[in-house]
Amino acid sequence: MPGCEVLIVGGGPTGLYLGALLARDGVDVAVLERRPEPSTHSRAIGLHPPALEALEELDVREAVLAAGARVHTGQARSRGRLLGSLTFERAWPQNPFVLTLPQQRTEALLEQRLAQLGPGALRRGREVLEVHDAGPGPVRVLVRSTAPPAAPGGAAGGVQTWTARVVVAAGGAHGCTRALTGTAGRVRAYPDTYLMGDFADTSADTGTAAIHLEPEGVVESFPLPGGVRRWVAHTGRAPARPPGRAERPEPERAQRLAELVARRTGAVLDVGSNSMVSAFSVRRRIAGCMVHGRRVVLGDAAHEISPIGGQGMTLGWLDARELAPLLVRELRGGDGRELAGVPELAAFQRRRLGAARRAAWQAGANTRLGRPVPAVVRGARDGLLRAVLATPARHGLAGAFSMRWAGEAGAA
Ligand SMILES: Cc1cc2nc3c(=O)[nH]c(=O)nc-3n(C[C@H](O)[C@H](O)[C@H](O)COP(=O)(O)OP(=O)(O)OC[C@H]3O[C@@H](n4cnc5c(N)ncnc54)[C@H](O)[C@@H]3O)c2cc1C
């Protein structure tokens, strides 16, 4: 029966990051990922300074910096006019930018690091079906193979039982949270839907991100590495596919996104250069509890927030960064007690759920800011933003948008 000290369910950014931290600290860790192959979906692109601090702990920061693009300035625009702009020098003197890198490339760098620190720790093609955490023995985990059969016509889907001293559920928003914890948190679906896509960046300033607050809804654009720019447009209440699905180039949707962008902002996108287009809707769900018995729930599995503002992946890494030393201490302490009764883990849970609620509040505000609003409200909103961006208060706004509250500088 295969076994390990810590079994992590899910090899997304949270699971890979935690796996690498634990492997570095000498823990026998296994990261089970149901996808046989790495994901090709580009969801998260924004790496705020606290994310870079977290990556530094694994010595991955330099590789990520070399691969990414730096956003030094954020602009707010409305009906063709600049309302104002902000920069990040005051909020982050040592790191005055937000980095952008498509999620699959960030995951590839984390996977590489995990392979160096814990060779063989990542097991692809393994789906966790059940977790049994009762009594004083090890936690028992039922795992199904999702890898394609080795030989044509061979059997797939064999089931194995694994054992572990601790199980960490990092299976994301659509993974295994409910089965592992018995509580998923209340889901709040926002009425907002979006189209996002990547196109050749023809803008003059490749270090600037822009938010266009337009009468029909927001359009956002962010520079990406390799001369590409991501465009995100609010599409109202039209049905959208679940996040991350159907990211292959789809000419009709790319054309629709280009038309929305042109109509609202005047920017002309080269539809032929489209390399990804996807629709998504947004939800909020924060679990009531992250620590149960000898199981801990982390990342999107514990807290799903609106991606508008790009904080979700960073939150997952910060969960993992706080959890890793607590787990190492418990494992080395050796009495196998339930984590749920440990005061430091209760404090960890309080801090991390507090951070998730803070991020969710801000993500909700960002989401509401981008909705179509009546002309009279729009005038007041634009006036207020123009005023704030013209005063030193813009530095506070820059700090809030780049998660200063979550980083070492914010905590100091
Ligand atoms: C459109 C969009 C844009 C976003 N932009 C940003 C951004 O700019 N910045 C940012 O910080 N965040 C952003 N996010 C959020 C970010 O993508 C998530 O917060 C992040 O992916 C969460 O990581 P995770 O590892 O917790 O979960 P996931 O990334 O969902 O990974 C979970 C993994 O677990 C695996 N899994 C699930 N169940 C099982 C099981 N039973 N057994 C084995 N494996 C399992 C899945 O296959 C998956 O690989 C965005 C999200 C979306 C949808």
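**Sheet, ligand shell and helix packing**

An open sheet of 8 strands runs in the order E6-E5-E13-E14-E15-E12-E16-E19, with mixed pairing. Its edge strands, E6 (81-87) and E19 (303-304), each pair on one side only. Strands (E, at least two residues) and helices (H or I, at least four) are DSSP runs, numbered from the N terminus. Two strands count as paired if DSSP finds at least two bridges between them. The model is predicted: local features need pLDDT of at least 70, side-chain atom pairs count only at pLDDT 80 or more, and totals for chains, interfaces and linings use all residues. Residues are numbered from 1 along each chain as its sequence is written.

Helix H9 (residues 375-389) packs on the sheet and touches strand E5 (73-78) and E6. The direction of H9 makes about 40° with that of E6. Contact here requires C-beta atoms, placed from the backbone, within 7 Å. Axes are lines fitted to C-alpha atoms, for helices over the stretch in contact, and angles run from 0 to 180 degrees between N-to-C directions. Within the sheet, E12 (residues 187-200) and E15 (residues 228-236) pair in the antiparallel sense over 8 bridges. Methionine 196 stands opposite valine 232 in E15.

E9 (126-132) and E10 (residues 139-145) run antiparallel, joined by 6 bridges. Arginine 126 has serine 145 in E10 as its bridge partner. The hairpin of E9 and E10 has 6 residues between the strands, and glycine 135 there takes a positive phi near 80°. E10 also pairs with E11 (residues 159-169), in the antiparallel sense and over 6 bridges. Leucine 142 stands opposite threonine 161 in E11.

The ligand is surrounded by 37 residues, counted when the C-beta atom, placed from the backbone, lies within 6 Å. The closest are Gly10, Gly12, Gly172, Gly299 and Gly312. Two or more shell residues come from each of H1 (13-24), E2 (29-33), E9 and H7 (312-333). H7 gives the most, with 4 residues. Domain 1 (3-45 + 103-185 + 287-362) and domain 2 (191-282) both contribute to the shell, so the ligand lies between them. The domain bounds come from an automatic or database domain assignment.

H7 also packs against H8 (residues 343-369), at an angle of about 170° and with axes 11 Å apart. H7 is therefore roughly antiparallel to H8, a term for angles over 145 degrees. Residues in the contact include Leu315, Leu318 and Leu326 of H7 and Phe348, Arg351 and Ala355 of H8.

Conventions:
Two residues are in contact if their C-beta atoms, placed from the backbone, lie within 7 Å. Angles under 35 degrees count as roughly parallel, over 145 as roughly antiparallel, 65 to 115 as roughly perpendicular and the rest as oblique.
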